Amino acid sequence: MAKTPLPMKPTGWFQVAWSAEIAVGAVHRMHYFDTEMIAWRSAAGQATVMDAYCEHLGAHLGFGGTVDGEIIRCPFHGWEWNSEGRNVCVPYEKRPNKGRRIRTYPVEEHSESIFIWYDEQRRDPYFGVAAALTGFDDGKSEADYYPAYGHSTLYEPGVEIHPQYVMENGVDFAHFKYVHDTPLVPEFTRHDFDAPVSYVDFTVAFDDVPADEINSGVQAINSGIGVACTKSWGMIDNRTLTAVTPVDATTSDVRFTTWIGRKPGDDSPEPTSRALRHAAGVIEQFSNDVHIWKHQRYSDPPALSPKEFAGFTAIRRWATQFYPDDFDPVAAARAHTTR
Ligand code: FES
Ligand SMILES: [Fe+2]
């Protein structure tokens, strides 16, 4: 394993849980970006992610904090905090403490997942998270897919990787043959790295068909550096969501979700065994990537072949926009190679 030279506090959206993990009334402890956080869900169903420590005397709300309607109550002296992190009640005073606020994080919830916006400079979100099932503008909805949570998800906590490694998969045509066992390397049809949300499309086949007869592919939407979703076409109808969320200076939690298209007319709440089999195949392919990333050392500058140059240069330039302004990739590379 090798510590990444890339900044582990990038700006953007990051998955911190699956929705089903945060039930109404539940308080969930988590640690991301070197920060103790909690997630809780109000009676009305709203998920809140905030720093874990009470602004009063510093109790950890994840150890005994209770949700009551739309507030969370601290276990130490009963102060109540709302979903904006504002104090709304000090039980033994006439008025709440209006001056103190617990830091909360903007939340997006869809694709069976909870995402938070993280930014060192505390700017408001300036892009969104594309939804895995409805974000491809093809008229598909949640109803067209079997549910994923509890059936077709993979959670790999505390892996020594940086989110950028995973994004680089999207331009890395050469790994498909070796890591994913495709007979041919994919053909990229779109590389659009103009904005924080970027797009990669390619044609690929997992079966042995002649190159000029490939009629299947993948479209990917990268919502910043932390979250990517894909849609497959011309093969088993599946969608995926890949999320890498930095925990501390060296490790990230990896979450992977895959949805399989419903058999027409089947509205069962459970995936069929055939769908589960396909999902297991998709997860296995992803696990093959994780196995490489886990042990990879970030290479900068990398020894790229002529065909790889444009794609990797584009994605690495795109990635720097999510890093602090004082991040100097050249210095990081130098420090890294002289370690
Ligand atoms: S520490 Fe939370 S109410 Fe006192
Ligand atoms: Fe891959």
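In this predicted model, Val 179 is in contact with Asn 288, Asp 289 and Ile 292, once its neighbours within four places in sequence are left aside. Val 179 itself belongs to helix α2, which covers residues 175-179. Is this residue buried, exposed or partly exposed? A residue counts as buried with 20 or more other C-beta atoms within 10 Å and as exposed with 12 or fewer; Val 179 has 15 within that distance, so it is partly exposed.

Helix α3 comes next. This helix runs over residues 273-295, 23 residues in total, and spans 33 Å from its first C-alpha to its last, close to the 33 Å expected at 1.5 Å a residue. Which residues of α3 are buried? They are Ala 275, His 278, Ala 279, Val 282 and Phe 286. A helical turn takes 3.6 residues, so positions three or four places apart point the same way.

Turning to the sheets, one open sheet of 4 strands is arranged in the order β2-β3-β4-β9, with antiparallel pairing. Its edges are formed by β2 (27-32) and β9 (104-105), each of which pairs on one side only. Between β2 and β3 (residues 35-41), the antiparallel pairing extends over 6 bridges. In one of these strands, β3, Met 37 is the bridge partner of Met 30.

At the level of domains, the assignment for the protein chain gives domain 1 at 12-118 and domain 2 at 142-319. The C-alpha centres of these two domains lie 32 Å apart. Their contact draws on 15 residues from domain 1 and 16 residues from domain 2. On the side of domain 1 that touches domain 2, β1 (12-18), β2 and β11 (113-118) each supply at least two residues, and β1 gives the largest share, with 6 residues. Sorted by class, that side of domain 1 holds 8 nonpolar, 5 polar and 2 charged residues.

A database record can be set beside this picture. In an unreviewed entry, UniProt places the feature "domain: Rieske" at residues 13-116. Over residues 13-116, the chain is 0% helix and 43% strand, and the end C-alpha atoms lie 5 Å apart.

Methods: Residues numbered from 1 in each chain as written. Chains lettered and ligands numbered in written order. Predicted model: local features only at pLDDT ≥ 70, side-chain atom pairs only at ≥ 80, totals over all residues. Expected span 1.5 Å × (residues − 1). Pairing = 2+ DSSP bridges. Contact = placed C-beta atoms within 7 Å. UniProt positions renumbered as here; feature names shortened; annotations may be inferred. Domains from an automatic or database assignment. Nonpolar A, V, L, I, M, F, W, Y, C, P; charged D, E, K, R; others polar.
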